[in-house]
Amino acid sequence: MSRTSFAKLCGIGSIALVGIATGIAWADSKVRLGPLVQVSGASPLPPFSACGNFAGSVFGGGINYLHAEVEPWLEVNPTNSKNIVAFYQQDRWSNGGSRANVAASSWDGGATWETVIVPGLSQCSGGPYERASDPWLSFSPNGVLHQMSLLFDIDPPPSAPGGFGPSAMAVSRSLDGGRTWSSPILIQSDTDPRFLNDKNSITADPKNSDLVYAVWDRLEIDPAVGFIFKGPAYFARTTDGGVSWEPAREIFDPGLNNQVIGSQIVVPPNGMLLNFFDKIVSVNPDGTFNSDPLRLTVIRSDDKGLTWDTTGGGTEIAVIRTFDIYTPDLQLPVRSGSALFDVAVDPRNGHLYAVWQDSRFSDVDEVAFSQSTDRGRTWSSPIRVNQTPRDSLRPLTQQAFLPSVAVSGNGTVVVTHYDFRNDADIGELADHWMVFCKSKCDEPSHWGGEIRLTDTSFDFAQAPVARGLFLGDYLGLAATRDAYLAFFPQSSNADRANGFFRSIAK
């Protein structure tokens, strides 16, 4: 594993969602596909000569992709479903992070958008750090919006060239639906080159606006010793709605030369906290290397994060068996967050859903799905839910990657992903798709009603390059009682990555 890898609503038509082979009704009998709205375009940041000119040197200089918006997260205001906010990296660097994290908010259900540079993060937004990354959002039930970002400097200090540069986890809040933001609070900051903070998420308690939870992994290496490291999960919370935050602390340690990555907290209706992460067990307790190191795992807290049950190393949901993604024609590598996942909870009954990339169904990565109906204690066997056609002559067109999952107000589960099924002779053509399940989602036959979210296929080969063609380690997806909402980048010859929004109304 490399050093960086371990560090790391107007309807325009109706579509019937009917089971092709079995006659099962996948979801609502009809949905209305709203217009595809381009949200981002030219960078709103100051000129490159004015800020954000930190190419790095110790591990090689980076390339900046001006005007490229990647890795969006999406949230809907629970007090006003017309207020939708996306948060993404702006002007991505090839060797990590971006010049700033930027928010875009809509007040008319996604028809029009306003862009705001979230202040005080990177130097391009008036903050002290060179770069920003890992944008994440969560609305409290009273409509207060919370953001969390990774901030860092790209180069380590000269005294420790094998270490990390300064890094921090920053949170701030918006009281007006994303238009303005408070000054950030650093809930963790490290200048010691042994430490790197990474892969964060933030979750507001859905029933108590005073409580918000933040999780991430905090890597520790010893530059003088070599490849020996730790990667525990860290946690912090606020009990006053984001005005102040309790001290950050470790909540799970997978052991020496192992780590967690991609922590996400969800809160079922009973108020329990469930923290999901990939546990990377490279070395077994007996010192042998692990042939299946990726374990999707969950730990739980019954007291709002004061204590965590980590008995037995947590509940292991599934072993993740993933290959890298490659474009069908030129076989260019795609960075697709293959070691990561997404999770969702049904707010009515607490059923839990997880998706990730997995090669167990064929010789390429597709979308795996598992569910729990007993609050995360047991999980169904993984099934394939993407509807990508099989093609034995061109198997790379079967790849389905970067999955997201959400649950609507009536319990319908939706999953989105990219695939290459429409690839042709010119370019590496990809599309974004949505698929549905109404009930018995642990059975493959209950998934269908597929919708294409892109109007036309786009050339993935034009995406920014960051250890592979890169549109993000995750994408934006949300669901309300009345709509499914997707926010995803597309690449083109004119712009390496632009953010697009589409609503699918029920």
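User: What is a disulfide here, and which pattern do the disulfides follow?

Analyst: A disulfide is a pair of cysteine sulfur atoms within 2.5 Å. This is a predicted model. By that rule the count comes to two disulfides. Number the bonded cysteines along the chain, and the pattern is 1-2, 3-4.

User: Which residue does Cys51 join, and what is the S to S distance?

Analyst: Cys51 is joined to Cys124, with S to S at 2.2 Å. The pair links distant parts of the chain, 73 residues apart. Cys51 sits in the loop between β3 (37-38) and β4 (64-77). Cys124 sits in the loop between β7 (114-117) and β8 (131-139).

User: Is the link of Cys51 and Cys124 right-handed or left-handed?

Analyst: Read the angle about the S-S bond. For Cys51 and Cys124 it is 110 degrees, and the link is right-handed.

User: Are Cys51 and Cys124 buried or exposed?

Analyst: Buried means under 20% relative accessible area. Cys51 has 10% relative accessibility, so it counts as buried. Cys124 has a relative accessible area of 6%, so it is buried too.

User: Which residue does Cys437 join, and what is the handedness of that disulfide?

Analyst: Cys437 is joined to Cys441, with S to S at 2.1 Å. The torsion about the S-S bond is about -110 degrees, so this disulfide is left-handed. Both Cys437 and Cys441 are buried.

User: Now sheets. In what order do the four strands of the open sheet lie?

Analyst: Start with the general idea. Strands of a sheet pair through backbone hydrogen bonds, either parallel or antiparallel. In this model, four strands form an open sheet in the order β17-β18-β19-β20, and the pairing is antiparallel. The edge strands are β17 (259-266) and β20 (315-319), and each pairs on one side only. Neighbouring strands of the sheet are turned by 25 degrees against each other on average, direction ignored.

User: How many bridges join β18 to β19?

Analyst: Eight bridges join strand β18 (residues 273-280) to strand β19 (residues 294-301).

User: How do β17 and β18 pair, and what do they form?

Analyst: They pair in the antiparallel sense over six bridges. Val260, for instance, has Lys279 in β18 as its bridge partner. β17 and β18 form a hairpin with six residues between them. In the turn, Gly271 has a positive phi of about 90 degrees. β17 is mostly covered, with eight of its eight residues buried.

User: Let me try single residues. Where is Ser98 found, and which residues is it in contact with?

Analyst: Ser98 is found in strand β6 (residues 98-106). Its relative accessible area is 0%, so Ser98 is buried. A polar atom of the Ser98 side chain lies 2.9 Å from the backbone oxygen of Ala100. Leaving aside neighbours within four places in sequence, Ser98 is in contact with residues including Gln89, Trp93, Glu130 and Arg131.

User: Where is Ile154, and is it buried or exposed?

Analyst: Ile154 lies in the loop between β9 (145-152) and β10 (167-174). Its relative accessibility is 16%, so Ile154 counts as buried.

User: Which residues does Ile154 touch?

Analyst: Not counting residues up to four places away in sequence, Ile154 touches Phe54, Gly56, Asn95, Glu130 and Arg131. Glu130 and Arg131 are also among the contacts of Ser98. For a separation across the model, take Ile154 and Ala430, which are 276 residues apart along the chain. Their C-alpha atoms are separated by 31 Å.

Key
Residues are numbered from 1 along each chain as its sequence is written. This is a predicted model: local features need pLDDT of at least 70, side-chain atom pairs count only at pLDDT 80 or more; totals for chains, interfaces and linings use all residues. Side-chain values use heavy atoms; hydrogens and water are left out. Helices (H or I, at least four residues) and strands (E, at least two) are DSSP runs, numbered from the N terminus. Buried means under 20% relative accessible area, exposed over 50%, partly exposed in between (1.4 Å probe, protein chains only). Contact means heavy atoms within 4.5 Å. Two strands pair if DSSP finds at least two bridges between them. Axes are lines fitted to C-alpha atoms, for helices over the stretch in contact, and angles run from 0 to 180 degrees between N-to-C directions. A polar contact is a pair of N or O atoms within 3.5 Å; within protein, one must be able to donate a hydrogen and the other to accept it, and residues adjacent in sequence count only if both atoms are side-chain atoms.
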